[in-house]
Amino acid sequence: WLRLLGPSSPVRAAWLMMDSTASFRVSAAGAHVGVVDLQHGLLPHATPAAMASIRDAAAIPMVRLSANDPACISRALDAGAMGVICPMVNNALDARRLVASTRFPPDGVRSFGPALSVPGTPGSPSEANAAVIALPMIETREAVSACGEIAGVDGVDGLFIGPMDLGLALGDPSELQGAIERVLQETRKHGKRVGIYSGTMEDAELRSQQGFDLVVPFTDIAALRAGANAAERATW
């Protein structure tokens, strides 16, 4: 984490859902990290062009994976992603599977296929293993119960809370904040980082004050919509 992102806290992440490298370059400018959403965004898989556009904005390229799948993870990292946020990690076994998929042998099971040299990425398997960031997402009641065990898995850099899916999974809105605080506290016990999806500048500021290490102030789609609305009001 420190090797890639430095001591900045909180890390600001631009959440990238469009399928435009121009949008990625503009939206990631000023952010520490650009996260391409492969689960709910428009881009079906990570590409070297997408990762390079984020680097052009002086941000670290990462992805939110579509699934905890070795092939999906390998493809994202091969394209130049320096870290992955993985959905629906419910227990330590899921977390160990994620970590193994992000690392070359003997530390993991990632396949080595250097068909394309992506500028800015580690030059050797051992360097890649040392540099990659792995953040399991906490989105279910089961994951909240096991969050301490998940955070304790070697190779997990921290946990990332998906509050919308977590809120749906809990069913009772009054439980959500307590679950979020539990994840924050349990992760801290292991000396790991904690991120959370915010979606607005106001919520990102609140989460920052609560001690989160990574926040998401906006998505590129929301920023485009807000800019269009502001231009329309100014014009008319």
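In which sense do strand β7 (residues 193–197) and β8 pair, and over how many bridges? The model is predicted. In it, β7 and β8 pair in the parallel sense, over 3 bridges. Between the two strands, the chain passes through helix α11 (residues 201–210). This β-α-β crossover is right-handed.

Strand β8 has another partner. Strand β1 (residues 11–16) pairs with β8, again in the parallel sense. Here there are 4 bridges. Ala14 has Phe218 in β8 as its bridge partner.

How many of the 6 residues of strand β8 are buried? The count is 5, over a strand that spans residues 214–219. Strand β8 is therefore largely enclosed by the rest of the structure.

Now the aromatic rings. A pair of aromatic rings is described by the distance of the centres and the angle of the planes. The count here comes to 3 aromatic pairs. Take Trp15 and Tyr197. Their ring centres lie 5.4 Å apart and their planes stand at 80°. Planes over 60 degrees apart count as edge-to-face, so the pair of Trp15 and Tyr197 is edge-to-face. This pair links distant parts of the chain. Trp15 sits in strand β1 and Tyr197 in strand β7, 182 residues apart. Trp15 has 2% relative accessibility, so it counts as buried. Tyr197 has 16%, so Tyr197 counts as buried.

Another edge-to-face pair joins Phe104 and Phe112. Its values are 5.4 Å centre to centre and 80° between the planes. Phe104 is buried, with a relative accessible area of 6%. Phe112 is exposed, at 54%. Ring pairs also build a cluster, which links Trp15, Phe160 and Tyr197.

Next, the nonpolar cores. In soluble globular proteins, nonpolar side chains tend to be buried together. The largest nonpolar core in this model has 53 residues. Which residues have the most contacts inside it? They are Val36, Met51, Val63 and Leu65. Val36 shows what such a position touches. Leaving out residues up to four places away in sequence, Val36 touches Leu16, Phe24, Leu43, Met51, Ile54, Met62, Val63 and Arg64. Another core lies apart from the largest one. This other core has 19 residues, among them Leu5, Val35, Met82 and Met137.

Technical notes:
Residues numbered from 1 in each chain as written. Predicted model: local features only at pLDDT ≥ 70, side-chain atom pairs only at ≥ 80, totals over all residues. Heavy atoms only, no water. Buried < 20%, exposed > 50% of the residue type's maximum accessible area, 1.4 Å probe, protein only. Pairing = 2+ DSSP bridges. Right-handed = clockwise from strand over helix to strand, strands pointing away. Core = buried A, V, L, I, M, F, W, Y, C linked by side-chain atoms within 4.5 Å. Contact = heavy atoms within 4.5 Å. Phe/Tyr/Trp six-rings, centres within 6.5 Å; stacked < 30°, edge-to-face > 60°.
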